[in-house]
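This report walks through selected features of one protein model for someone meeting it here. Please look over the sequence and the structure before reading on.

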Amino acid sequence: MQRKSYKPLTLPKLSWEKNVSSDVLGELVIQPLEPGFGVTLGNALRRVMLSSIEGSAVTSVIIKGVNNEFSTLKGVVEDTLQIILNIKGIVIKNETGLPGSMNLSIKGESIVRAGDITADEHLSVVNKDHVLAHLGQDGELEIQFFVESGRGYVPAQWPRGASLQEDGRIYVDAMFSPVRRVEYTIEKTRVGQEIDYDKLAIRIHTNGAFHPRDVVHYGTSVLRTQLEHFLLATEIPFNVISKTEEAEHEAETFTGPRGPTEGLPVELFLKPIDELEFSVRAHNCLLNAGLKRVIDLVNKTEDELLKIKNLGRKSLREVKEILAAFGLRLGMNVKELDLKKMIKEQEEI
């Protein structure tokens with residue numbers, strides 16, 4: 001029986017914006033995507049990253065001299081309720097995901113911060129400058145923190161039937177998720193002559209306990225795991241089909257030895273930049289700088305383009321995206337003499 005033939009899908013490429021990169025912020029750009037896939041993937045990933053990423057938080061505390069959250073402590077400016085609210089703001093990085101404990105012991109006039117806490121080996125406090133309390137000269141604060149892992153928001157888990165615990169433990173609401181906010185935007189991008197493909201940009205804000213890259217990896221793993229159960233038969237190997245199609249397309253466009261031109265049609269480099277259909281602003285800036293042909297443009301670097309009058313980062317991004325749609329990039333270092341030799345060799349053949 002002949003095997004059914006399937007049409008390939010466009011496989012996206014992922015890149016992280018270098019200008020938006022830290023332990024608490026990252027922006028992932030995915031392009032090109034099949035038309036409509038920007039909303040489908042962006043919304044699914046956003047919802048999973050906001051709700052399903054595991055994290056660690058303080059779930060209960062024992063404060064020396066206190067047996068309920070409405071008590072006060074001598075020499076401490078804040079009451080117990082305010083201290084507990086401050087404790088909820090502690091950001092914890094857990095290397096193993098296992099439960100653990102932390103301790104704090106401070107005497108005398110001081111500002112008590114999260115950095116004063118000593119933790120188990122697999123735990124560490126991220127926001128060390130976070131203020132927990134203010135002590136006077138006769139103040140003393142001794143706290144034992146109990147840390148657990150989980151997902152999302154979990155209310156204080158008080159044992160049933162007992163409002164006061166024998167060990168004086170106070171249970172705390174826990175916000176486990178390390179993700180603060182996720183935003184995504186969708187723009188249209190070009191693939192060859194088609195202009196209705198999607199470009200998806202996802203910006204991830206975390207509390208520092210998880211790197212944005214790890215959040216994306218975790219969220220993608222959750223989605224993939226769930227979707228696998230929807231397969232009612234052997235999975236259609238779209239990755240293989242699409243990669244094979246892409247390789248065949250590259251072979252068809254290969255016109256000479258691999259080098260700076262990377263197998264692209266030689267004539268493309270000698271065409272005027274008008275054929276790349278830049279916006280009016282970007283087009284005029286490039287022409288005023290003497291960049292009239294594709295080869296003139298691809299031989300420039302990002303820094304060189306940014307020095308062009310009135311060409312800002314937004315226009316630079318547009319230039320890079322349109323070049324990428326044609327398989328081009330900045331800084332290709334293509335020699336015009338080499339192109340002319342290749343054209344001559346093709347004419348002789």
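## Terms and basis

A residue is called buried when its relative accessible area is under 20%, exposed when that area is over 50%, and partly exposed in between, with a 1.4 Å probe and protein chains only. The model is predicted, and for this reason local features need pLDDT of at least 70 and side-chain atom pairs count only at pLDDT 80 or more, while totals for chains, interfaces and linings use all residues. Residues are numbered from 1 along each chain as its sequence is written, and side-chain values use heavy atoms, with hydrogens and water left out.

## The four-stranded sheet

Helices (H or I, at least four residues) and strands (E, at least two) are DSSP runs numbered from the N terminus, and two strands are taken to pair if DSSP finds at least two bridges between them. On that basis, four strands make an open sheet in the order S1-S2-S15-S14, with antiparallel pairing. Its edge strands are S1 (13–21) and S14, each of which pairs on one side only. From one strand to the next the twist averages 20°, where axes are lines fitted to C-alpha atoms, for helices over the stretch in contact, and angles run from 0 to 180 degrees between N-to-C directions.

Strand S2 (residues 25–33) runs antiparallel to strand S15 (residues 194–206), and seven bridges join them. Along this pairing, isoleucine 30 stands opposite leucine 200 in S15, and leucine 33 has aspartate 198 in S15 as its bridge partner. Strand S14 (residues 179–191) also pairs with S15 in the antiparallel sense, over eleven bridges, and valine 182 is there partnered with isoleucine 204 in S15. S14 and S15 form a hairpin with two residues between them, and glycine 192 in the turn has a positive phi of about 65°.

## A helix on the sheet

Helix H3 (residues 212–228) packs on the sheet and touches S1, S2, S14 and S15, its direction making about 115° with that of S15. Contact here means heavy atoms within 4.5 Å.

## Salt bridges

A salt bridge is counted when a side-chain nitrogen of Lys or Arg lies within 4 Å of a carboxyl oxygen of Asp or Glu, and by this rule the count comes to eleven. One of them joins the side chains of arginine 151 and glutamate 54, at 3.5 Å from N to O. Arginine 151 lies in strand S10 (residues 140–151) and glutamate 54 in strand S3 (residues 54–63), so this pair ties together parts that are 97 residues apart in sequence. Arginine 151 is partly exposed, at 46% relative accessibility, and glutamate 54 is partly exposed as well, at 33%.

Another salt bridge links lysine 320 with glutamate 302, the closest N and O atoms being 2.9 Å apart. Because lysine 320 lies in helix H9 (residues 313–325) and glutamate 302 in helix H8 (residues 302–306), the pair ties together parts that are 18 residues apart in sequence. Lysine 320 counts as partly exposed at 37% relative accessibility, and glutamate 302 counts as partly exposed at 34%. Arginine 169 forms a salt bridge with aspartate 167, with 3.6 Å between the closest N and O atoms, and aspartate 167 is partly exposed, its relative accessible area being 41%.
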